[in-house]
Amino acid sequence: MRSLSSLEHLRLRTCERLNLDLSIGSDKQDNHDELSSTWPRLRVLYMKELPQLVEFPQWLIQCSTNNLERLEIVNCSNLKALPESMEKLQFLGIEKCPELSSLPKDMDRLIALKKSYNRGCPKERKM
């Protein structure tokens with residue numbers, strides 16, 4: 001990920017053992033500083049069947065916060081929360097995330113949002 005500074009679309013699908021924590025085996029602060037200058041600027045993020053995903057790792061939040069236009073999360077059975085501050089988000093799709101209990105607090109600031117859906121998230125209030 002460190003050298004993929006041009007990456008705009010990221011699709012993670014059916015990765016049962018994938019651990020998205022890039023700080024494993026290194027100092028988290030050094031890792032954070034190293035990534036900050038080369039982060040990809042994601043516009044599209046699609047995640048499906050990632051049971052290891054409980055929360056968005058910091059590096060992924062940094063890659064997507066200011067640029068993300070489309071976010072789809074499907075069948076991430078342990079995901080508990082979405083990231084905050086996705087100001088350019090135009091599409092938000094959430095499906096079969098039974099542990100997701102709330103939407104970001106700043107949902108009212110998503111002025112670019114054109115379409116959203118939420119299906120199969122029994123702990124979450126409907127959009």
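Where does E16 lie? In the loop between β1 (9-13) and α1 (28-36). Helices (H or I, at least four residues) and strands (E, at least two) here are DSSP runs, numbered from the N terminus.

Ground rules. This is a predicted model: local features need pLDDT of at least 70, side-chain atom pairs count only at pLDDT 80 or more, and totals for chains, interfaces and linings use all residues. Residues are numbered from 1 along each chain as its sequence is written, and side-chain values use heavy atoms, with hydrogens and water left out.

Back to E16. Its relative accessible area is 57%, so E16 is exposed (over 50%; buried is under 20%, partly exposed in between; 1.4 Å probe, protein chains only). Leave aside neighbours within four places in sequence, and E16 is in contact (heavy atoms within 4.5 Å) with E49, P51 and Q52. C76 is 60 residues from E16 in sequence, yet 9.8 Å away, C-alpha to C-alpha.

Now salt bridges: a side-chain nitrogen of Lys or Arg within 4 Å of a carboxyl oxygen of Asp or Glu. The structure holds six.

Take E8 and R43, with closest N and O atoms 2.6 Å apart. E8 sits in the segment before β1 and R43 in the loop between α1 and β2 (44-48), so this pair ties together parts 35 residues apart in sequence. E8 is partly exposed at 35%; R43 likewise, at 29%.

Next, R119 and E95: 3.5 Å, N to O. This pair links strand β5 (residues 115-119) to strand β4 (residues 91-95), 24 residues apart. Shared partners also join E8, R43 and E69 into one salt-bridge network.

Last, R70 pairs with E72 at 3.1 Å. R70 is partly exposed at 33%; E72 is buried at 16%.
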